[in-house]
Amino acid sequence: MAGVTAPFVGAQGLSLRVGTFELREVTFAMGPRDTFVILGPSGAGKSLLLETLAGFYRPDRGQVFIGGRDATAAPPEARRVAFMFQDYALFPHLTVTQNVEFGRRFSGSRADAEPVSALLARLGLEHIGARKPAQLSGGEKQRVALARALAMDPALFLFDEPLAALDARFRDTLRAELKTFLGNAGIPAIYVTHDQLEALALADKMAVMSDGAFVQVGTPTEIFNAPASELVANFVGVETVLEGTVIGVSDGIARIGAGTRVLHALSNDSARPDERVLACIRPEDVALARTRHADSSVRNQFDAKVLAIAASGPLFKVTLDAGFPLVAYVSKQSYIELGLASGTEVIASIKATAIHLICR
Amino acid sequence: MASAVSSRVQGDRMNTHRFSQARGLVFAFSLASGLLLAFIMLPLLEIYGSQTSASLMRAASSAEVRNAILLSLEAACLTTACAGLLGVPLAYLLARFSFPGKGFVEAIVDLPLAVPHTVVGIGLLFVFGRTGLLGAPAASITGIKFWGTTAGVVIAMLYVSVPYAVNAARVGLESVDPRLEKVARTLGAGRWAVLFKVTLPLAGRGILTGLSLTFARSISEFGAVIVLTYYPMTAPVKIYDLFLQFGLSESSAMATLFLTVTLSLFIFFRYLVALRKGGAPIGWRA
């Protein structure tokens, strides 16, 4: 590894097998203020990665960097890593103040360290310092855990799906609080989740993980709008992934033959005629209408028949047969105005720029 | 909090509902339970009922009786300490790790519960007796003898009571969420600090339960003690001795004194365990 400068936080070729879980050549690098989100299904090895970064497992191969130094051989207590578990794992036998003091006591506090009382005040906990964790609300627990972690002056935050067990409304509030906190703290954070919204909301940079390996690393926009593989596309919420063949490319627009239909998609550099591609269409990019657009800027307009409709949060998820299976999201208003029902004939339109191509 | 309270109220209501529906079953089972509780309590109450203050005073004024009771207390305390020092580490290993042969180790821990106590005493004689495997070298090298000494009493008590210490401590340690230990490590605490500041305090109730059971089992041990070391006489041995020499009335007076001591301690330990309930980790995540 000579000549390679250590990243502020990161991993190089991290490999490990523990039971049925494994890490395969995990490599990433983060800056000193980045929030890095790792998105992946359960069983992908996300928690194993976090626990390896925290020092609970020694990797079979590879290196871990924390605070600009190689921390591969350091025990957990020497890494200055704040581990935030689901439900935050506050010490139930200690009061709020004692929990926060625990973070200070063992870390060899510096002379200029913020006093525990000031930390409690900063996170709005000064009035509940004498309470035990069992008496706290979810939001208070999160703030106590953050205060406890700050007390030991962490070099890195690790979040292991902290919000996964909460109901949706509450989750939004806590996520917003967390985002503000991370923005102000200026401490790098790695955040593991299987929730795409959480990833979009928090990530400066993100990775999609599957079977112990990072299958794509990039900005949230890159990953959500340009998934590198079918696996990533399926996981980040692209409901329609069509197999097709490039018919031709002109003026930056590729014509794709998919079954009986021809799609127009913004070409990527590698699309060549006769090449097999996957066309990815996000459901929110599909517009439904009763009549065809006169506007020719919409390249893709297909006669489609509604197969099924299901409520999905505030939206309706409409499954269509457009000569190929297609999924669209429509608002309640559109749903009523279009009089959608199973069997309704509609026009589905998709902008060429909204179709993302993945070369096989 | 409010929802927890209301759900508990709802739960109670549901239980009451079920209670009224199951009246026949509850009646039959209450009858059986009543018989069982009476079976446990009657002999003890009868011992108290048979005593006069004069017989109690006479027993209490005997130095031999007092010494036997004190020896029982002393030996049971020593046994409990040994069981804690040796049993908690084993309980920790069993609670936290899986390893080849774990089932075998668990079986060994429970073995003393299955062996008749006189048989335990004979086995201990072979090991700790005058010519025993460890008894002979221990006497010649360190001077510690296991016959005719408190050490012998402790050895016999320990053998029959240590399963209670290990098993209860293990349940207590298993109830401690390993994530709490991990968080403590990341907060800068080393393995030993985590053990003493997080794991043991949170497992305290289980460990305390185990130690109180160990104490109770030790102080009441008779069979293993009498085979390994008849002297010095512990209270149960002395009571048996009085029974053989002077009959029921003499022995029951001492039995009453000893029973009072052990029951007081039993109640005190249960109180201690109940006190820890507030700090106990069981169900804390809800």
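Predicted model: local features only at pLDDT ≥ 70, side-chain atom pairs only at ≥ 80, totals over all residues.

User: OK, what's the peptide bond from B:Y231 to B:P232 like, cis or trans?

Analyst: That bond is cis, with omega near -10°.

User: Switching to chain A. Which domains does the assignment give for chain A?

Analyst: Domain 1 covers 9-233, and domain 2 covers 240-359. Their centres, taken over C-alpha atoms, are 38 Å apart.

User: And how many residues of domain 1 of chain A are in contact with domain 2 of chain A?

Analyst: Seven residues of domain 1 contact five residues of domain 2. On the domain 1 side of that contact, four residues are nonpolar, two are polar and one is charged.

User: What about the largest nonpolar core, how many residues has it?

Analyst: The count is 159 residues, and A:M84, A:L158 and A:A279 are among those with the most contacts inside it. Helix α8 (residues 150-174) of chain B brings the largest share, 15 residues. Domain 1 and domain 2 of chain A each put in at least three residues.

User: Which residues does A:A279 touch?

Analyst: Leaving out residues up to four places away in sequence, its partners include A:L242, A:I256, A:A258, A:L263, A:A265 and A:L357.

User: Which residues other than glycine have a positive phi?

Analyst: A:D251 is one of them, with phi near 50°. You'll find A:D251 in the loop between β11 (240-250) and β12 of chain A. A:E25 is another, at about 50°, and that residue belongs to strand β2 (residues 21-30) of chain A.

User: Why does A:D251 count as exposed?

Analyst: Because A:D251 has 5 C-beta neighbours inside 10 Å, and exposed means 12 or fewer. A:E25 is partly exposed, with 14 other C-beta atoms within 10 Å.

User: Last one: how many residues of chain B are in contact with chain A?

Analyst: 20 residues of chain B contact 21 residues of chain A. On the chain B side, α9(B) gives the most, six residues. By class, that side has eleven nonpolar, four polar and five charged residues.

Conventions:
Residues numbered from 1 in each chain as written. Chains lettered and ligands numbered in written order. Domains from an automatic or database assignment. Contact = placed C-beta atoms within 7 Å. Nonpolar A, V, L, I, M, F, W, Y, C, P; charged D, E, K, R; others polar. Core = buried A, V, L, I, M, F, W, Y, C linked by C-beta atoms within 7 Å. Buried ≥ 20, exposed ≤ 12 C-beta atoms within 10 Å, placed from the backbone. Helix = DSSP H or I, 4+ residues; strand = E, 2+ residues; numbered from the N terminus.
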